[in-house]
Amino acid sequence: MKRLCWLGIFICLVFCSIQPCNSQGLKGFKLTNGLTVYIWEDASKPDVFGMVGVNVGAACDPSNLTGLAHYLEHVMFKGTQKIGTTDWEKEKPLYEQIIAKYDERAAETDPVKKETLSKEINKLTIEASKYAVTNEFPALTEELGGKGLNAATSLDYTVYFNSFPPTQVYKWLELNSERFINPVFRAFQSELETVYEEFNREQDAMGQQAYYFMLKNIFPDHPYSRPILGLQEHLKNPRLKGLIDFYNKWYVPENMVLVLVGNIKTNQVLPLIKDRFGRLQAKPSPQKEIYPDWELKGRKEVSAKISPYPEVELAFQGVPSGHPDEIVLEICTSILTNSTQTGLLDKLSLDGDVMGAYANQLNYRDRGRILIGGIPYFDVNQRRFNSLKSTEKMLLNEIKKLQNGEIEEWLLNSIKGSMIRHFDLSFESSETKANMIVNAFIYNEDIGNVLNYKEKVASITLEQVKEVAKKYFTDDYLVLQLQEGKAAKAAKLDKPKYDPITPQRGAKSAYAQYFEKLPVKKEVPTFCNFDEVQIRKVNERSKLFYTPNKENNIFTLILKYGIGTEQMPNLKYAAQLMNNAGIMGQYDAQQLKQEFSRLNASCRFNVDDSYLYVIMEGYENNLQESCNLLTRQILMPKLEDKQLNNMLGNEIQTRRMEEENVNVLNNAAFQYLRYHDKSEYIDRPSIEKLVELTISDLTGEFSRATDYEAEIHYMGALPFEDVYSVLSKNLPLKAQEKATSSPVVKDRVKYTENTIYFLPENDAQQSGIYFFVEGKPYDRKDEVIYDAFNQYFDGGFNGLVMQEVREFRSMAYTAAGNVITPVLPGKDICFWGYVGTQADKSVEAIELYVNLLKEMPEYSERIDNIKEFLTQMVITDKPDFRSASMTYEAWKRLGYTEDPAKEKLPMIQKLTFEDILNFYKNNIKDKVIAIAVVGDPKRIDLKQLEKYGKVIKLSKSKVFSSR
């Protein structure tokens with residue numbers, strides 16, 4: 001970790017003032033128009049992460065037009081008076097008519113007249129689309145090699161972001177400043193329909209209604225109590241003029257921050273920022289409304305039958321983000337529950353007294369709350385939960401210990417150490433650093449104080465913790481009793497029957513033509529060096545893979561045993577149980593976690609189809625002691641029957657709820673489509689079999705898994721020889737290990753005719769539709785073609801499927817389609833796709849998607865953008881040091897002996913659109929298509945589905961094994 005140091009005050013530049021801030025490589029500025037700018041140099045990164053944050057979120061929505069902040073985030077991708085239009089002078093009058101029609105529609109109360117106006121807006125929108133290139137902004141981002149283009153709206157702020165190559169910094173600044181100059185919210189009607197789809201999808205998310213119930217009660221009479229998407233009545237009655245006014249009010253430079261983190265030089269990029277973002281017109285920031293906070297006296301209780309399982313939440317008065325007590329309260333909640341499970345409430349979970357318990361803070365601009373929650377103990381034999389009252393009493397007993405200061409010094413120190421370690425780790429991510437800076441700007445925190453987090457944490461004393469705990473954990477609190485029951489969903493927002501927009505295919509604005517000609521600095525590619533990972537045998541088969549850590553002194557150790565659930569199904573439950581194991585004759589579960597915590601280390605167990613993982617993280621000065629603890633835990637695990645009962649209770653509840661969870665139903669249907677009875681929801685032990693399992697059965701299963709050869713991946717700063725010496729002597733590696741056959745690639749179902757599986761779900765607001773096409777054996781020489789097809793078909797907002805399904809027809813919030821490659825050569829590739837849409841539009845969506853697969857539209861003009869994107873992707877898409885060794889081994893399994901970029905770059909230069917078409921024709925066009933649909937049978941005509949294949953109706957008992 002680079003030491004945080006004070007940078008001091010820089011000489012004031014002509015065009016901006018400069019703010020002092022902490023941390024090597026970070027500099028802060030303020031342009032004369034009021035825009036705040038932060039640049040964080042990090043030459044170790046291959047790319048740059050760029051983010052623009054705006055100090056406005058859903059809490060700023062007008063009370064009569066909620067949802068504006070979120071709507072605005074969507075339409076900020078539609079261009080400006082320059083971007084996305086082939087003739088603004090002709091488009092402008094149509095746009096102005098659309099704005100006026102929305103006002104007229106909003107004022108109209110007659111439903112018939114309202115619908116007539118909607119149709120008039122639709123006609124105007126279609127006419128305006130003749131001059132629109134609605135995907136131009138994402139297309140230009142693709143051209144400069146931008147990845148991860150997206151945006152997000154929270155209650156307090158909105159962010160726009162993506163990463164990009166360092167050589168493209170001027171183009172990125174040009175494009176991302178231009179988007180804020182005279183934006184045009186074109187295709188507003190179709191984007192509204194997309195938001196309807198998002199709203200309907202949210203209704204299907206398990207736990208969403210319980211979450212809104214919580215917000216409504218802990219933030220009464222405040223905008224924080226409203227959904228970010230907006231209230232349903234406002235979504236049905238939007239005003240485009242209101243959105244324009246909202247933008248003009250809040251999107252002003254003084255209310256915005258630009259953050260660049262990564263491989264850039266401040267002295268080179270700062271003049272470019274001034275030149276481009278300095279164009280934004282200076283305006284004063286608006287004032288935010290202030291709301292009185294609650295005055296809660298004593299214990300107040302509210303309850304609702306809206307949860308898939310019983311849960312009690314206690315809400316206490318908290319603090320707004322940036323408050324001086326925020327970090328001390330973070331320590332208080334961590335004393336109750338933390339990631340190392342050494343907290344007071346953690347002990348209740350580890351001992352099996354409750355199924356789960358947690359403590360956290362919600363900190364927003366205006367106010368905050370502390371939430372303490374618990375799920376009652378579940379009796380496996382009686383198949384029932386304990387009472388919420390008894391769970392509340394247990395939570396209060398532990399809170400009382402915190403209030404009374406019954407906290408051991410070691411626990412405080414270990415929590416502070418863990419917080420500091422996580423802070424150090426966060427500095428390895430450009431995106432995390434950017435978010436940290438944006439948060440500081442939004443919540444008006446001094447950036448120096450934010451970056452001095454470690455020093456602030458280290459200075460906190462036990463007396464401060466006791467004082468703050470008494471101040472906030474009082475007898476004045478709200479109890480939310482979430483009882484088992486099905487929450488009433490909001491009425492579905494119907495997708496209107498509008499005609500799709502018809503933007504010009506292949507058209508470019510004058511701005512796009514100008515943008516393409518902007519100079520770009522030539523980049524000399526650097527390549528990954530497999531030799532930077534040192535490899536040495538530790539045992540007969542097991543190997544150590546060592547990667548140097550040049551960032552900090554935090555190590556990561558991954559023991560990757562060559563066996564998984566495909567061959568040992570009960571290993572899933574054994575690994576879960578091991579996460580709560582102690583050491584026989586020495587420590588119970590929490591005592592062992594305390595020992596790890598004293599060493600500022602953490603350990604967890606995980607498993608997948610192919611491998612068992614033991615992952616440990618900590619500081620290198622405690623490496624040997626940490627390894628000794630881990631080895632003793634693996635060789636002599638101590639487990640209690642209550643822990644087994646709790647794990648079984650969790651599994652029973654998970655299986656009980658899976659038939660009610662639309663997302664799980666979708667996944668189960670798609671798994672069945674690919675694997676039939678080998679689906680993970682079918683090929684699993686029954687609950688009856690699980691209940692028969694003993695601790696001895698599961699610890700024996702885990703022990704047998706450790707008989708297999710292991711890959712030991714170590715990332716740290718200690719010299720290789722020192723690490724080898726410690727690990728070879730202090731890890732539980734058995735002599736003459738069993739050879740692994742992992743990774744496992746499951747055989748998929750082979751279809752000989754088009755087949756549609758339909759799984760009915762009456763409560764689904766949206767249909768989940770999956771598409772599957774089996775492919776040919778993977779060939780490494782075709783990697784570039786796979787990538788090119790995926791970028792063409794599924795390249796984010798600019799991909800074919802998103803454009804055709806979402807942007808032009810507003811048929812789905814999410815649509816995707818990718819060629820999936822196997823982890824082993826010789827195994828088949830495949831194509832899978834997804835659309836989430838309203839049930840009554842399911843057949844239409846299937847028809848559209850199937851037509852894309854059968855007669856894929858050909859837009860050859862995209863090839864230059866795709867080639868540039870792929871070039872930049874292989875140059876900048878490098879694994880970080882913590883994932884390098886495992887990534888290199890995965891590449892080697894596919895046949896690579898050096899960085900794949902060396903092989904791919906010349907192939908990309910030779911790539912033609914014909915290559916993409918040939919791949920499509922040989923692997924997808926006219927191939928058998930299997931489709932899985934989960935949706936409301938009352939609104940989907942199965943007879944119509946028969947046009948696309950043989951329809952097979954599934955039941956829930958077919959896609960789930962016996963519970």
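Tutor: Ala139, Glu142 and Glu143 of α4 touch Asn865, Ile866, Glu868 and Phe869 of α31. Contact means heavy atoms within 4.5 Å. Helices (H or I, at least four residues) and strands (E, at least two) are DSSP runs, numbered from the N terminus. The contact residues are 3 nonpolar, 1 polar and 3 charged. Here Ala, Val, Leu, Ile, Met, Phe, Trp, Tyr, Cys and Pro count as nonpolar, Asp, Glu, Lys and Arg as charged, and the others, Gly among them, as polar.

This is a predicted model: local features need pLDDT of at least 70, side-chain atom pairs count only at pLDDT 80 or more, and totals for chains, interfaces and linings use all residues. Residues are numbered from 1 along each chain as its sequence is written, and side-chain values use heavy atoms, leaving out hydrogens and water.

Student: At roughly what angle do the axes of α4 and α31 cross?

Tutor: Axes are lines fitted to C-alpha atoms, for helices over the stretch in contact, and angles run from 0 to 180 degrees between N-to-C directions. α4 (residues 136-143) and α31 (residues 863-876) cross at roughly 50 degrees, their axes coming within 7 Å. The two are therefore oblique (under 35 degrees is roughly parallel, over 145 roughly antiparallel, 65 to 115 roughly perpendicular, the rest oblique).

Student: Which order do the strands of the open sheet have?

Tutor: Strands of a sheet pair through backbone hydrogen bonds, either parallel or antiparallel. Pairing requires at least two DSSP bridges between two strands. The 5 strands run β8-β14-β9-β11-β10, with mixed pairing. β8 (299-307) and β10 (354-363) are the edges; each has a single partner strand, so one side of each lacks a neighbour in the sheet.

Student: How many bridges join β8 to β14?

Tutor: 8, and the two strands run parallel. Val302 sits opposite Leu480 in β14.
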